[in-house]
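Colleague: I would like to learn how to read the computed features of a model. Please take me through them in turn.

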Amino acid sequence: MAAPSQPQQATYDAIVIGAGIQGSFAAYHLAQRRRDTLLLEQFILPHSRGSSHGQSRITRSAYPRAPYAHMMPDSFHLWQRLEAEAGTSLYRRTGLVVLGPAGDPELEGCRRSLGTDQVLDATVLARRFPGLRLHAGEVAVWDGTGGVLFANRALRAVQDVFRRHGGTLRDGEKVLRIEPGAVLTVTTTAGVYQAPRLIIAAGAWTRALVAPLGLRLPLQPLRINVCYWREKEPGSPSAGRASPCFMALGLSRAPHGVYGLPALEYPGLVKVCYHHGSPTDPEERDRLPPGTP
């Protein structure tokens, strides 16, 4: 990194702010297209301050919103292409079970997005996945494409391939100012950079970053708790043949959607969490407001 007394100055074809998975992939595609690209990250990599860290994420074809579902074939293809370029495995196909009350709008949207009748009744679900049970009036939808993305590994892979294509990644540089124009100027804690193209993928910091430009975006960062639960029967199918990921929608006993992943990250620990969070300031994420449960 450059010393503050000797700031970096350079011009690029494009600048991307934020080296999470969105910004890193945007930079990767720009570099593939032979654009001289600078990728800026305010924290030293790797870090756990944003929303792209951790070992696992669910990927799936079942989405309530049709545009997301329509994008998924291309998404899977892009992951496979990155795996080939990086020479590493980034995805484990486990399948995904979506559970919820019959007729629930989100559940029905997931079923339609799969394009085929993948409904599992209580008997079939109990036989295939003994750990999952339906209550009266509930149904399950099977997404055979679903599985686990290895998040940290994927982030490292796309950043490594980006650099291999000639991209420049500078971490530990917080953006202080953006000056619009035909050629934009981005000033950081360690340099001044210019480019005719700018992509902002700053996640929870986006609202504060663009406010000086007159953009008042209605973005509210959420603090998401991630929970791990010990398996009651160690050595269950997740130790060899992985159990499926699952999502539960519209449950009367849960105020928010619930999702879970098999015990792949830590032996004997299943990841089960609310698909929800509490409002927070990304600069104060570890400070809980009074009265927070």
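Colleague: Is leucine 222 buried, partly exposed or exposed, and at what relative accessibility?

Modeller: First, the basis: this is a predicted model, where local features need pLDDT of at least 70, side-chain atom pairs count only at pLDDT 80 or more, and totals for chains, interfaces and linings use all residues. Residues are numbered from 1 along each chain as its sequence is written, and side-chain values use heavy atoms, with hydrogens and water left out. Buried means under 20% relative accessible area, exposed over 50%, and partly exposed in between, with a 1.4 Å probe and protein chains only. Leucine 222 counts as partly exposed because its relative accessibility is 43%.

Colleague: Which residues illustrate the buried and exposed classes?

Modeller: Arginine 65, at 53%, counts as exposed, and leucine 120, at 7%, counts as buried. Across the protein chain, 40% of the 293 residues are buried.

Colleague: Where do leucine 222 and leucine 120 lie among the strands?

Modeller: Helices (H or I, at least four residues) and strands (E, at least two) are DSSP runs, numbered from the N terminus. Leucine 222 is in β15, residues 222-223; leucine 120 is in β7, residues 119-120. The chain has six helices and 20 strands. Arginine 65 sits in the loop between β4 (56-59) and α2 (66-86).

Colleague: Which residues make up the nonpolar surface patch?

Modeller: Patches take residues with over 30% relative accessible area and no salt bridge, joining like charges within 9 Å and nonpolar side chains (Val, Leu, Ile, Met, Phe, Trp, Tyr) within 5 Å. A salt bridge is a side-chain nitrogen of Lys or Arg within 4 Å of a carboxyl oxygen of Asp or Glu. Areas come from the Shrake-Rupley method with a 1.4 Å probe, and for residues only the protein chains shown count as cover. Here Leu222, Ile224, Val226, Tyr228 and Tyr266 form a patch of about 420 Å².
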